[in-house]
Amino acid sequence: MSATILVVDDDIHVRRFLRTTLAGHGHTVFEAGTVATALEVIERAHPAVVLLDLGLPDGDGLSVIRAIPAEQRPPIIVLSARGQEGDKVAALDAGAEDYLTKPFGAGELLARIRVVLRRGGAPAPDIIEVGPIKIDQPRHMVTIDANEVHLTPIEFKLLVELARQPGRVLTHRHLLLTVWGPTALEHNQYLRVHMAALRKKLERDPARPQWLLTEAGVGYRFREPTT
Amino acid sequence: MARLKIFFGASPGVGKTTSMLEEARAARARGVDVVVCVVETHGRAETQQLLDGLPAIAPRNGELDLDATLARRPALVLIDELAHTNAPGSKHVKRWQDVFELLDAGIDIYTTLNVQHIESLGDVVQQITGVKVTETVPDAVLDRADEIELVDIPPDQLLERLADGKVNAPESMLSRGNLLALRELALRRTAERVDADMLAYRRQQGIGAAWPAGERLLVAVGPSPGSERLIRATKRMAEGLHAEWTAAHVEVLGAAPLNEKDRERVENHLRLAESLGGEIARLADRSVPDALLSYAREHNVTRIVAGKPTHSRWRDLLRGSLLDTLIRLSGTIEIHVIAPLQHGPQRAAPASRDRPNYVAYISALVGIAAVTAFGLAVFRYATVADISMLYLIAIALASLSGRGPALVAASVSIAAFDFCFVPPRFTFAVAEMGYLLTFAVMFASSLVISTLTVRLRRQERDAVVRERNTVALLAFTRDIAAAATREDVAAVTVRHLESVFPVAASVLVPEPRDPTQLVAAAGLMPLAREEQTVARWAFDHGEAAGRGTDTLPTARVLAVPLVAGATTAGVIAVQARHDVRRRGGAALPLLESFARQAGLALARVRSAEEARDAALRARTEELRSSLLSAVSHDLRTPLAVITGAATTLRDDAARLTPVARDELLSSIIDDARRLERVLGNLLQLTRVEAGLVPAREPIPVEEIVGAALTRLEDAIGEREVKLAVPSDLIVSVDPVLFEQVLINLIDNALKHGAPPLELSASRAGDTIDLVVRDHGAGIPDGDSERLFDKFVRASSAPGAGLGLAVVRAIVEAHGGTATIERPRDGGAQFRIALPAAHVTLLEAAS
């Protein structure tokens with residue numbers, strides 16, 4: 001799977017590392033060091049993925065995300081440091097697809113790009129199969145290794161939202177909005193209650209989850225099954 | 001630097017030597033090399049007993065053997081009577097000079113001193129006692145002392161010891177009045193000296209030891225409403241004495257039982273006592289005094305508090321007075337009698353003094369009538385001169401009741417004597433001029449005796465007032481020693497002022513942002529504008545102003561400055577609560593003593609704050625230097641590895657075997673991760689220490705544990721992890737910070753310990769415990785606490801020694817504690833205790 005990728009970072013060493021790694025895996029790489037260049041390249045070259053650093057000399061990385069209308073926006077993966085959970089959440093809620101915490105390894109980077117590319121906008125299938133978990137949407141049925149698991153309607157909705165985009169982090173806000181609706185936005189606790197319940201039903205050891213992962217301070221992620 | 005400790009007393013016999021010996025024995029028990037140089041036993045067995053077993057250096061020529069002591073070089077030397085003058089021919093004239101030489105040689109000294117021997121107080125002492133003090137010690141000697149312990153016993157007890165022959169000095173100064181005055185002097189001198197040094201903690205201990213908390217109070221309560229006041233008064237007294245106290249109710253056996261209502265009131269009173277921190281006791285006896293006293297003796301009670309009777313005297317005459325019996329049988333136990341009604345003692349007293357003493361007048365008249373009758377009966381056998389003597393006796397007795405009765409008695413006696421006995425009898429005429437002289441003598445003796453009586457009374461009253469003031473000042477000094485902040489000092493000052501004087505008080509201090517404004521630091525008394533002016537004047541000039549002073553005497557308030565060191569730190573403003581006509585100036589000296597103590601306490605607080613700031617600065621400095629060394633070492637080492645490995649890979653790629661290449665690559669990756677960890681921890685630590693407030697939310701422990709384990713998945717690999725985390729435990733924490741806590745602990749266990757890694761959570765009461773345990777070599781003894789410090793590493797494993805410091809900082813920012821434990825079956829165990837969130841998840845969700 002080769003694609004056109006835009007790397008936006010003001011640090012030339014980071015760009016060099018990303019360019020070398022990505023080119024080595026057959027991707028076409030564009031580079032930008034400022035918000036202005038980034039927007040220009042996006043308009044001209046229509047990259048399939050953008051890797052975006054949040055701190056740029058002429059503005060916040062967020063302004064890149066916001067400058068492009070949602071329907072024309074390529075998937076954006078934000079690059080940020082640990083401890084900037086607030087920034088990550090802001091970027092994700094503004095429309096970024098995912099984030100990577102610096103420093104990261106090449107394997108992690110490629111995996112994230114793969115997830116983003118694979119998504120490609122296709123709607124989730126009626127039957128989602130991730131690892132041992134099989135979700136039959138029309139029949140509202142969930143099985144693990146062919147054993148049926150009974151979920152409440154909310155748990156089911158939550159699971160579908162997570163599992164239809166395995167590997168992608170979903171913010172608390174996003175999940176609350178899609179599962180509960182706009183009135184529940186302040187109630188992270190709803191989410192915690194139902195996540196705990198879901199783990200109890202789906203995980204072998206809820207304190208050491210294999211599928212429903214927590215991204216502290218950001219949200220939840222359904223693990224991408226290793227193929 | 002050698003230490004000098006002075007056991008300081010008001011007079012001989014208070015127990016200085018005993019205190020010194022007891023403390024020396026304690027020091028010896030701790031292994032200190034104690035030697036007795038000079039201790040006077042005055043032939044007392046108790047002192048001798050304390051001396052037994054303490055090594056001594058024999059005196060030479062009756063004086064302290066300085067050379068032998070210097071040669072022997074003990075750690076601590078006991079030298080009694082610091083003011084002693086050496087015999088002629090000794091090396092130094094005064095004993096204190098010997099002491100200084102020993103101190104210079106690095107030997108600690110315990111010594112004893114009486115207040116009258118202080119040079120600057122010689123005049124005062126001479127005024128009080130009439131004794132000229134020749135053996136004195138310069139005040140500088142006192143200033144050199146590292147510690148002064150005031151040894152104090154109440155004058156009455158001292159007089160008792162004197163009577164028992166336990167006091168060595170046959171000094172004329174040992175009258176009760178003198179002792180009271182000397183005691184006040186000693187107390188003031190100690191307080192000044194100790195407070196001036198601002199050794200708050202030492203003083204607390206010093207004075208605490210001088211007045212051992214051996215006091216125990218007992219208050220008798222019954223159904224009468226006055227009991228409530230008794231209980232509160234006892235509580236206050238107990239607080240002042242740092243004593244324990246008990247409230248007791250006595251059920252009188254054989255008497256009619258209490259009715260329902262009274263019983264309930266008694267129970268209420270006992271409950272009140274319990275709620276105020278007292279113990280309660282229910283006693284039963286045929287007699288109330290017997291019950292109270294036997295309980296008191298069994299429980300080492302030192303004071304009994306009882307209510308003043310409200311019934312008439314007749315009842316006592318008929319049924320016997322409880323109070324009289326109690327006082328008569330109490331022995332060494334003090335009895336305090338407290339008025340049942342709420343009014344200031346100082347206001348009540350003058351009223352009773354000024355009331356005309358009808359009884360005295362009546363008894364004077366009755367006495368004279370009796371003398372006259374007796375005289376008429378025996379006239380046949382006696383001379384007129386004999387009868388005049390009888391009248392003199394009657395006049396003398398009446399004069400003891402004061403001037404009024406004296407004059408009445410003299411006049412009536414002269415009239416009766418003249419009329420009945422002086423010839424010509426039964427007329428007021430006088431035949432012989434000699435009788436006029438007799439009349440004059442009668443009159444003069446009534447005047448002389450009554451004047452002396454009045455003077456004696458006044459002295460007695462002064463002594464009482466002085467003792468009360470001394471006690472008040474003592475209680476105040478002790479409480480204010482414990483005050484740690486400016487607000488405490490102000491609050492204690494107001495509380496004591498309001499309890500000692502019938503006044504409302506405020507402590508005013510400059511507003512920090514606008515020093516021209518004085519604001520109340522304690523006390524609720526509002527000040528009008530002109531009263532503010534009085535306070536302002538006192539503050540600016542460092543002198544008392546307002547009512548009773550020379551400045552602005554018409555004001556309603558009296559303002560006394562609080563002088564702290566060289567500056568004025570604030571002002572005490574007081575206003576008489578009830579009687580505005582009362583002169584504020586009467587209590588001014590005592591008030592100024594209070595102000596002086598409060599000022600010194602403020603200065604002490606200020607210097608303690610400065611010391612704290614300085615310590616903080618020093619700590620910051622220390623932290624910065626260890627940070628620098630950590631950065632230079634812990635950041636450079638991995639960088640060196642990365643640089644080295646990378647250059648080798650670039651330059652020698654052709655000559656490397658595939659295995660060597662892989663090794664170099666792994667070390668680059670590992671050391672880069674190590675760098676990241678160090679930086680992450682440093683960052684986190686800086687944030688928390690800079691006062692980052694955790695963004696708390698209720699989170700299941702299970703979720704935090706899960707998140708941390710997911711992030712460490714690669715590091716854990718195939719190692720065994722045992723989990724025991726119940727799903728219903730909820731903590732209120734910052735999820736990001738707390739994930740870091742767990743990551744650091746797990747990482748720590750992976751680095752230093754051996755598998756299996758155990759992670760468990762449990763709830764005990766209001767605490768949730770999170771335990772991370774490994775099965776490695778464990779932690780060496782004594783290292784446990786240090787490991788939480790920055791830059792301390794348990795083993796030589798790589799790391800900056802920051803992980804646990806971060807753990808503790810974050811946990812403490814959450815109001816929890818982090819501790820290390822050593823399980824008996826090996827390994828290291830880290831326990832995080834957090835306050836449990838008082839919600840269940842579902843409650844939190846709804």
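Predicted model: local features only at pLDDT ≥ 70, side-chain atom pairs only at ≥ 80, totals over all residues.
## Chain B overall

Chain B has 846 residues, and 37% of them are buried. Its secondary structure comprises 28 helices and 22 strands. Among contacts in chain B with a separation of 6 or more, 69% join residues 24 or more positions apart.

## Where chain B meets chain A

The contact involves 26 residues of chain B and 21 residues of chain A. On the chain B side, six elements are listed as giving two or more residues each: helices H23 (658–689), H24 (701–711), H26 (735–752) and H28 (841–845), with strands S16 (697–700) and S17 (721–724). H24(B) supplies the largest share, seven residues.

By class, this side of chain B has 17 nonpolar residues.

## The nonpolar cores

The largest nonpolar core holds 103 residues. Which of them touch the most other members? They are Leu78(B), Ala535(B), Ala559(B), Val571(B), Ile572(B), Ala573(B) and Val574(B). Helix H22 of chain B, residues 588–651, gives the most to this core: ten residues.

Why does this core lie between domain 1 and domain 4 of chain B? Both domain 1 (4–210) and domain 4 (482–610) give residues to the core, so it lies between them.

Another core, of 56 residues, lies apart from the largest one. Its members include Leu79(A), Leu176(A), Met195(A) and Phe222(A). In soluble globular proteins, nonpolar side chains tend to be buried together.

Notes: Residues numbered from 1 in each chain as written. Chains lettered and ligands numbered in written order. Contact = placed C-beta atoms within 7 Å. Helix = DSSP H or I, 4+ residues; strand = E, 2+ residues; numbered from the N terminus. Nonpolar A, V, L, I, M, F, W, Y, C, P; charged D, E, K, R; others polar. Buried ≥ 20, exposed ≤ 12 C-beta atoms within 10 Å, placed from the backbone. Core = buried A, V, L, I, M, F, W, Y, C linked by C-beta atoms within 7 Å. Domains from an automatic or database assignment.
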